Protein chains: 2
Amino acid sequence: MKIAIAQINLTVGDIKFNQRNILDQVKKAQALRVDLLVFPELTVCGYLPEDLLYHQQFIDDCLTSVKFIAEQCQEICVVIGFPRNHPNEPEKLHNSAAFIQNGKIKMMYDKHQLPNYLVFDEHRYFTKGSHDGILEVEIKGESHKFGVNICEDIWNDAKIVVEQAKDNVDWLLNISASPYAVDKIGSRIRMLQKRCKDNGANLVYCNNVGGQDELVFDGTSVIINSDGKLLAQCETFQSQLLVFDTTDNEIQISERLDHQTELYEALLMSTRDYFHKNGFLKAIVCLSGGIDSALTAAIAVDALGAENVLGLLLPSKFSSKHSIEDALELAENLKIKTHSIEIESLHSVFEKTLTPFMEDYFKNLTDENIQARIRGTLAMAFANNDNAILLSTGNKSESAVGYSTLYGDMAGGFAIIKDLFKLEVYELCEYRNTISVVIPESTISKPPSAELRLDQKDSDSLPDYETLDDILKAYIHDFKDAEQIASQGHDINLVKRILKQVDRNEYKRQQAALGPRLTKMAFGKDRRMPITNGYPNNYG
Amino acid sequence: MKIAIAQINLTVGDIKFNQRNILDQVKKAQALRVDLLVFPELTVCGYLPEDLLYHQQFIDDCLTSVKFIAEQCQEICVVIGFPRNHPNEPEKLHNSAAFIQNGKIKMMYDKHQLPNYLVFDEHRYFTKGSHDGILEVEIKGESHKFGVNICEDIWNDAKIVVEQAKDNVDWLLNISASPYAVDKIGSRIRMLQKRCKDNGANLVYCNNVGGQDELVFDGTSVIINSDGKLLAQCETFQSQLLVFDTTDNEIQISERLDHQTELYEALLMSTRDYFHKNGFLKAIVCLSGGIDSALTAAIAVDALGAENVLGLLLPSKFSSKHSIEDALELAENLKIKTHSIEIESLHSVFEKTLTPFMEDYFKNLTDENIQARIRGTLAMAFANNDNAILLSTGNKSESAVGYSTLYGDMAGGFAIIKDLFKLEVYELCEYRNTISVVIPESTISKPPSAELRLDQKDSDSLPDYETLDDILKAYIHDFKDAEQIASQGHDINLVKRILKQVDRNEYKRQQAALGPRLTKMAFGKDRRMPITNGYPNNYG
């Protein structure tokens with residue numbers, strides 16, 4: 001039997017585009033004499049359409065598409081995902097899989113385990129299914145028994161999968177949309193291998209690939225035998241039609257990416273997909289000469305092409321000579337066009353306009369914010385005028401403590417490095433430079449500064465980033481409290497100050513641009529904190 | 001028996017503040033010889049702490065508080081809400097109620113029905129309980145049987161409540177945090193009356209009151225007898241300790257507010273609580289002379305006091321004379337201080353700065369957005385300098401179609417009228433003027449305009465608001481598709497254009513300030529749409 005995995009990049013909601021993509025794969029598979037073709041979860045609508053699922057027309061359109069696709073599936077078995085109304089209780093919705101053979105839907109299976117944690121809200125949309133997912137079909141004169149299941153069904157206690165395996169299915173067929181996070185690919189494959197071995201079952205596991213708003217799907221679909229042996233593994237962060245022949249069992253395993261490459265490729269795919277799926281080609285990025293904008297620009301260029309990235313230099317009287325030089329060197333290395341605008345004339349008009357009303361103008365960060373907002377306004381003008389998306393350049397450490405200006409440097413439609421802590425930004429710059437040197441050495445080596453007042457350094461108001469990132473990870477990723485974090489070797493008063501800062505800046509994060517999720521606790525759907533929150537008082 | 005409802009205003013996360021508030025009520029009730037005192041859902045932590053619930057220290061602190069409170073509850077029975085770990089599986093969390101008597105917790109009940117739709121995400125945090133909630137206690141030498149349940153437990157099929165009633169409890173005790181929405185108060189009370197009558201049970205229903213980020217809790221707690229008769233009803237949008245004596249059965253029913261009063265009071269409470277719970281006294285509002293900023297300013301003044309509201313007039317060369325006059329008249333009527341800054345000098349520097357780079361500067365809305373962003377930057381400077389929150393003035397119709405500038409008029413920390421369609425803004429202005437005339441007649445009667453270019457009117461790019469609001473309600477509130485909406489009497493091409501505009505502007509709404517939720521489908525937690533969304537293509 002020839003099995004194929006269609007690890008494809010879908011666009012949420014674009015049923016017609018997805019349908020063409022699906023039918024292309026079917027045709028290719030038919031031409032290769034594939035017997036069984038497996039697609040990812042919610043194939044026809046992409047994962048996850050969120051509240052589009054509340055529109056009955058949308059659900060109807062998905063079903064129409066599945067039926068149309070089914071008709072084209074002659075001489076091939078196909079497993080495809082879609083949302084469907086419960087047949088007897090149409091107000092209920094299922095996350096379903098159709099098993100298609102000879103142009104007909106032979107079985108519908110509805111997902112049993114609905115994830116509702118981190119970025120997942122499936123209880124909001126779906127009702128759990130009850131069908132056992134088992135069917136026997138004849139392929140080339142031989143009978144095969146399959147156990148169809150969906151994503152979360154194979155995780156945790158995997159109850160339905162264990163039952164299917166007990167019923168001696170020849171193959172478990174899992175259709176997934178399992179988003180990427182650091183360290184997840186390896187642990188996912190190990191989990192799947194263990195599941196196969198523990199239950200003595202063969203598995204075809206097809207994962208989604210591509211970016212959808214903050215989510216990044218890595219693909220890395222696999223075929224594993226009942227000994228837990230990896231027989232095939234698709235590329236990470238690439239679309240692929242992988243064909244596996246069970247008669248010769250020729251092992252096909254794509255190379256695993258190393259840690260930094262994986263991160264970098266995740267950011268590239270996410271950026272490319274966010275732009276292109278939303279109909280944008282061009283990006284604007286403000287180049288400060290610092291590390292964050294340098295990495296953002298490098299990724300934008302690698303994702304979108306140098307011809308589609310415009311660098312803006314918007315220096316003030318506080319910008320150092322080396323910052324401007326570093327920004328220009330970066331732009332030259334990246335071969336991107338730049339425009340330079342000194343903001344001092346605008347800054348001085350704002351200052352002249354506002355100081356009569358404010359004796360405290362230079363206190364309370366008012367003047368610093370003005371500079372950032374002049375830059376935001378200029379950059380957005382280029383974005384508006386050029387049908388481009390402005391890239392926001394903030395990192396996770398900054399965003400955590402609110403070391404950024406709303407409507408200023410936070411302005412923008414996409415924030416590529418928002419889920420990287422500051423030290424990880426440095427590491428990824430070093431990595432990027434191993435491919436070709438684009439980020440100037442002095443950008444990496446100089447002490448970081450917002451340059452919003454004379455001789456300002458990040459270290460004036462923040463601890464060193466080793467300390468800061470360690471405290472932030474313990475609080476945000478591990479939910480530790482102040483005492484626990486202090487016991488890791490930090491000053492308790494510093495820890496309390498940082499924690500309070502994180503909580504008090506929630507209002508900024510809730511107005512921030514979205515960006516690629518790289519961890520299991522990104523500032524996005526993963527972390528849902530109230531703005532009005534009296535708890536930080538207790539840290540004080 | 002004397003029963004009291006403590007309809008109090010809690011602050012999410014501020015366990016110490018809530019504890020003081022709770023103990024104050026206990027003392028007052030003790031002084032009034034109350035036998036049974038009932039608090040709202042999740043009393044000690046407020047509703048809903050969202051991901052604070054993932055912090056074990058937070059859960060521990062809640063339990064410590066409940067134990068401390070219990071010790072003070074002598075000679076009174078108290079029902080109080082809090083989150084608690086499952087006793088045997090500490091990784092699970094319950095939304096619980098403690099029944100306290102003589103300083104001891106006599107019973108813990110865990111909520112059965114966990115809402116997970118609209119703004120609710122309780123499946124994300126809680127595991128459903130299994131305790132029957134029934135207990136018998138002796139009060140003044142007589143035995144009383146109670147059925148404790150929590151909020152959603154009494155809605156829908158109300159399974160646990162029906163069981164408690166079957167077990168002949170003397171009183172159902174429901175502790176709630178049921179957020180306000182238009183038309184909800186009446187239907188909630190009718191539902192509760194029906195529940196009592198159908199099951200022949202008496203009910204004490206204690207609801208939360210106050211604002212928490214976008215949520216507004218109206219209170220309106222009730223006592224209903226087994227015939228479905230309303231015996232007592234607390235105030236709407238006010239804290240209250242209501243005492244009801246079952247021996248004399250003296251009926252105490254606060255007057256229901258009419259529709260406009262109810263809306264207005266919801267906005268006042270929400271605004272006041274957002275500011276004060278976040279430690280802010282002062283608001284900034286940009287006065288354009290238009291209806292949206294007029295209503296926003298009026299509500300801000302009524303909520304925060306005239307001395308705490310600063311009006312900014314930021315006219316451009318496109319601002320009409322009547323706009324400035326209307327804005328000044330409004331400010332005078334509201335007795336608020338104003339500052340006026342002509343933006344033309346800044347505007348011309350931006351224009352001079354940018355036009356060399358952009359031959360299309362005056363196309364693509366670039367110049368219009370610049371003006372809005374100059375205003376946003378100026379207004380934020382006043383907010384930063386004055387430790388104030390800038391109020392964003394956009395309404396739901398504008399926000400739906402993206403008729404607004406990100407970082408411009410959308411800048412701000414709180415958007416009071418964001419859940420009012422444009423026509424509702426007019427209605428609420430008329431209402432406000434019935435209390436005292438503050439909003440100038442010409443602000444209400446003139447055709448709306450953004451005044452970002454010469455002689456601009458909203459009607460240049462939008463249909464009349466009767467049409468627009470009708471289409472938007474059908475799409476956003478009722479999930480209708482284009483054909484269905486057209487069949488209400490609208491041009492199909494207009495409908496498709498509007499629907500596409502709604503979907504394409506999701507990116508703006510996801511960076512918008514939060515504001516009071518008045519409907520069951522506000523632009524906030526209620527409506528979760530992807531930004532990357534290929535479905536609108538199908539409308540075209």
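Trainee: Why do we say that the copies, chain A and chain B, meet through the same surface?
Mentor: Because 100% of the interface residues of chain A are also interface residues in chain B, the two copies meet through the same surface. Keep in mind that this is a predicted model, in which local features need pLDDT of at least 70 and side-chain atom pairs count only at pLDDT 80 or more, while totals for chains, interfaces and linings use all residues. Residues are numbered from 1 along each chain as its sequence is written, and chains are lettered from A and ligands numbered from 1 in the order in which they are written.

Trainee: OK, and how many residues does the contact take from each chain?
Mentor: It takes 70 residues from chain A and 70 residues from chain B, where two residues are in contact if their C-beta atoms, placed from the backbone, lie within 7 Å.

Trainee: Which element gives the most on the chain A side?
Mentor: That is α10(A), with 10 residues, and α10 covers 366-386. Other elements that give two or more residues to this side include α1 (15-31) and α6 (259-277) of chain A; helices (H or I, at least four residues) and strands (E, at least two) are DSSP runs, numbered from the N terminus.

Trainee: What is that side like by class?
Mentor: The side of chain A that touches chain B has 31 nonpolar, 26 polar and 13 charged residues, with Ala, Val, Leu, Ile, Met, Phe, Trp, Tyr, Cys and Pro counted as nonpolar, Asp, Glu, Lys and Arg as charged, and the others, Gly among them, as polar.

Trainee: Switching topic, where are the domains in chain A?
Mentor: Domain 1 spans 2-256 and domain 2 spans 263-459, with bounds that come from an automatic or database domain assignment. Their C-alpha centres lie 40 Å apart, and eight residues of domain 1 of chain A are in contact with seven residues of domain 2 of chain A. On the domain 1 side, β10 (209-212) and β11 (215-218) of chain A are the elements that give two or more residues.
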